[in-house]
Amino acid sequence: MQARQKDSLLVASVKDSLGGAIITFALACVMIGLRVDVASGRGAELFLEHRWLAVAAAVVIVFAGRFAMNVFFWKREDPPSLNLSGFLPKGGLSTGTSSVLKYALLGLAVVLPFALMFWLGARGSRQYIDLAILVLTYVMLGWGLNIVVGLAGLLDLGYVAFYAVGAYSYALLAHYFGFSFWICLPLAGILAAFWGIILGFPVLRLRGDYLAIVTLAFGEIIRVVLLNWYQFTGGPDGLSGIPRPSFFGLEFTRGEGGFASFFGLDYSSIHRIIFLYYLIFAMALFTNFVTMRLRRMPIGRAWEALREDEIACRALGINTTTTKLTAFALGAMFAGFAGSFFATRQGFISPESFTFLESAIILAIVVLGGLGSQIGVVIAAIVMIGGFEFFREFEEYRMLVFGMIMVVIMVWKPRGLISSRTPSVALSKNAKGISADLVQEGHG
Amino acid sequence: MDYFLQQLINGVTLGSIYGLIAIGYTMVYGIIGMINFAHGDIFMVGSFIALVLIVALGITAATPVLLLILALALVLVVAMALTAVWGWTVERVAYRPLRGSFRLAPLITAIGASIALQNFVQVSQGAKNKPLQPLFSGSFQLTDGGADGSGFIVNLSYIQILIVVTTVILMGGFTYIINNTNLGRSQRACEQDRKMASLLGVNVDRTISLTFVMGASLASVAGLMFLLYYGVIDFYIGFLAGVKAFTAAVLGGIGSLPGAMLGGLLIGLIETFWSGYFSVEYKDVAAFSILAIVLIFMPEGLLGQPEVEKV
């Protein structure tokens with residue numbers, strides 16, 4: 001018997017591309033080709049719209065695309081190497097490049113508002129500084145979640161609950177007692193940490209995916225309660241008129257006693273934006289500083305030990321209960337800080353802002369950046385949030401693209417963009433980064 | 001008592017829908033150990049495909065009963081096939097390249113696929129709610145409300161009968177496939193030990209793909225049921241239904257098929273009774289609290305096997 005004759009390059013490519021085209025047709029024929037719409041006017045009549053051209057276009061694009069890929073890459077005996085990973089350093093960044101990148105980003109973040117003001121003027125730079133504030137908020141949340149997921153290896157899908165607790169703590173304290181931002185900021189952090197412990201207690205025994213689903217459930221419970229406790233939280237209407245922060249007692253207002261008149265500047269609304277920028281920048285740096293210090297302390301080593309192997313951890317006499325609870329509490333605390341910042345920045349909050357999608361985005365930032373990598377979180381936040389806002393014109397399509405990008409980046413680099421770790425403890429002075437493949441992801 | 005009976009009927013109907021979705025979760029979790037977050041959205045896509053087909057075929061309440069049933073059967077079959085293609089594609093694009101990769105990677109792609117599917121439907125079908133006029137309006141009255149008409153009238157609508165009967169038939173067929181066919185055997189083999197199964201000549205990739213295909217087609221049945229029962233769908237229904245169904249799968253013991261069905265029924269009943277006797281607003285809180293409590297005291301679920309911790 002002779003081995004089955006191998007198809008020639010062209011025939012094989014055509015076959016494969018035809019398969020792709022048929023699948024595309026099956027996917028598209030109903031969902032794209034026909035659109036059900038509701039007739040306006042009285043009665044809710046449904047009617048159909050036909051868009052067969054779009055289906056044909058999708059099928060042709062997939063066929064042509066697969067055919068080209070087959071002919072030039074996939075089915076070739078000697079595929080030309082188009083090494084996309086070449087753009088990123090092999091095996092991750094060495095410690096040297098990583099620290100250069102770190103200081104470069106830090107320097108950029110320090111001068112960013114003034115550079116933007118210089119180039120674009122107060123009016124033009126406002127939206128970019130706003131975007132930078134948003135990115136920094138996610139960086140802070142990512143760093144906070146990194147303690148729970150990256151260091152302690154506990155998969156938390158309800159992180160946004162603590163963000164909500166922080167935001168609502170500030171908003172409610174300000175609403176009912178008239179407390180100012182600077183009193184509420186630590187209180188919000190403490191309250192969120194407290195909730196972290198309360199929600200952490202019952203899930204101590206759970207592992208891995210069970211932990212994920214219970215934290216998701218807790219996140220939803222908190223959101224549903226906020227949504228339905230109308231008398232206290234304002235329900236779906238949310239809370240508005242949340243006071244703005246002051247700069248050492250100076251309000252950002254026009255006229256006497258305001259920030260501008262105290263420093264002899266002309267009043268401009270951009271002052272407050274720049275102040276908010278530096279506020280979140282300082283808060284994010286504080287998060288990073290605390291995390292990096294804690295990593296070197298016994299508790300931080302206990303977290304990493306817990307992530308690597310829970311049983312060994314217990315055998316070595318580490319109290320896993322307190323280790324897990326501190327991770328939950330600290331992660332929650334930083335989310336609480338970020339939440340109260342969010343409330344004061346927006347001036348209005350509602351349960352709409354704390355959906356599961358937020359949790360998913362924060363987790364995606366942590367994982368895409370490279371679990372446990374601080375700089376990776378920054379890069380992922382810039383790529384995801386910055387890129388997301390950049391495509392604001394394509395309002396309809398951007399969430400679709402966002403989801404696809406998540407899939408593509410993950411398939412391309414499953415270990416995240418920065419996939420090397422500097423070990424917290426090393427024998428030699430010049431510790432080298434190790435590949436993340438050697439790091440466990442924890443079992444919860 | 002009559003009110004209780006009515007809630008029981010409604011709960012069983014809702015539970016059947018959850019159970020059908022839960023099977024997709026539990027099978028995928030059993031075989032590759034991941035939460036398929038996009039499954040709820042596959043259910044939503046199935047529901048939309050069914051809606052488009054119903055409108056395209058011009059099925060209305062005015063259609064003669066026999067024709068109506070035939071047409072719905074056709075819709076069901078086509079929707080199952082097309083949704084299966086969606087399930088297959090999601091697995092092929094988002095999960096297969098990451099097989100054997102680290103644990104969180106497929107979870108993130110699943111969330112990404114879920115976001116992408118939701119927004120794809122929003123773009124292609126529009127963000128508005130899609131109300132469908134009820135196709136079956138009749139019902140049996142199980143109680144007459146007493147002689148003076150003061151009692152509670154218990155209704156068992158035709159659509160509820162249809163949902164429960166279809167679910168039972170599908171469950172039967174499905175159990176048969178898992179227990180008695182080659183496909184079922186290879187699925188169970190992959191579930192126990194993927195490497196060993198592939199050494200013994202089971203095509204693991206194909207088996208996993210078929211698992212997704214089966215899960216997706218059951219989800220599309222649930223989608224059609226949901227559409228017929230509630231009469232209105234939008235692109236966001238997948239999330240909540242998905243989370244509830246996953247809750248059901250975990251409650252019943254993840255990886256166990258009867259467990260998924262039992263869990264679905266329980267979640268449906270809890271939700272219905274909670275809305276009936278306490279408050280509608282907090283029905284989700286009730287379902288999730290039950291989940292948390294069950295997991296804390298019985299992490300393996302009701303019918304699941306306890307996980308043995310190995311060093």
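Two residues are in contact if their C-beta atoms, placed from the backbone, lie within 7 Å. I keep that rule beside me for every entry below.

**Entry 1: ground rules.** I am looking at a predicted model, where local features need pLDDT of at least 70, side-chain atom pairs count only at pLDDT 80 or more, and totals for chains, interfaces and linings use all residues. Residues are numbered from 1 along each chain as its sequence is written, while chains are lettered from A and ligands numbered from 1 in the order in which they are written.

**Entry 2: confidence.** For the complex, the predictor gives an ipTM of 0.85 and a pTM of 0.86.

**Entry 3: domains of chain A.** I looked up the domain assignment (automatic or from a database) and noted domain 1 (9–74) and domain 2 (95–438) in chain A. The C-alpha centres of these two domains of chain A are 40 Å apart.

**Entry 4: where the chains touch.** I noted 49 residues from chain A and 56 residues from chain B in the contact. Which element of chain A gives the most to the side that touches chain B? I found helix 6 of chain A, with 12 residues. Helices (H or I, at least four residues) and strands (E, at least two) are DSSP runs, numbered from the N terminus. I sorted the residues on this side of chain A into 39 nonpolar, two polar and eight charged. Here Ala, Val, Leu, Ile, Met, Phe, Trp, Tyr, Cys and Pro count as nonpolar, Asp, Glu, Lys and Arg as charged, and the others, Gly among them, as polar.

Entry 5: I followed helix 6 of chain A to helix 11 (residues 283–297) of chain B; their axes come within 9 Å and cross at roughly 150°. Axes are lines fitted to C-alpha atoms, for helices over the stretch in contact, and angles run from 0 to 180 degrees between N-to-C directions. Helix 6 of chain A and helix 11 of chain B are therefore roughly antiparallel (angles over 145 degrees count as such, and 65 to 115 as roughly perpendicular). Among the residues in this contact I noted Y210(A) and V214(A) on helix 6 of chain A, and F288(B) and L295(B) on helix 11 of chain B. The contact of these two helices divides into 11 nonpolar, one polar and two charged residues.

**Entry 6: inside chain B.** I saw the axes of helix 6 (residues 182–192) and helix 8 (residues 204–230) of chain B come within 10 Å and cross at roughly 105°, so helix 6 and helix 8 of chain B are roughly perpendicular. L183(B), S186(B), Q187(B) and C190(B) of helix 6 meet V204(B), T207(B), I208(B), L210(B) and T211(B) of helix 8. I counted five nonpolar, four polar and no charged residues there.

Note on methods
Angles under 35 degrees count as roughly parallel, over 145 as roughly antiparallel, 65 to 115 as roughly perpendicular and the rest as oblique.
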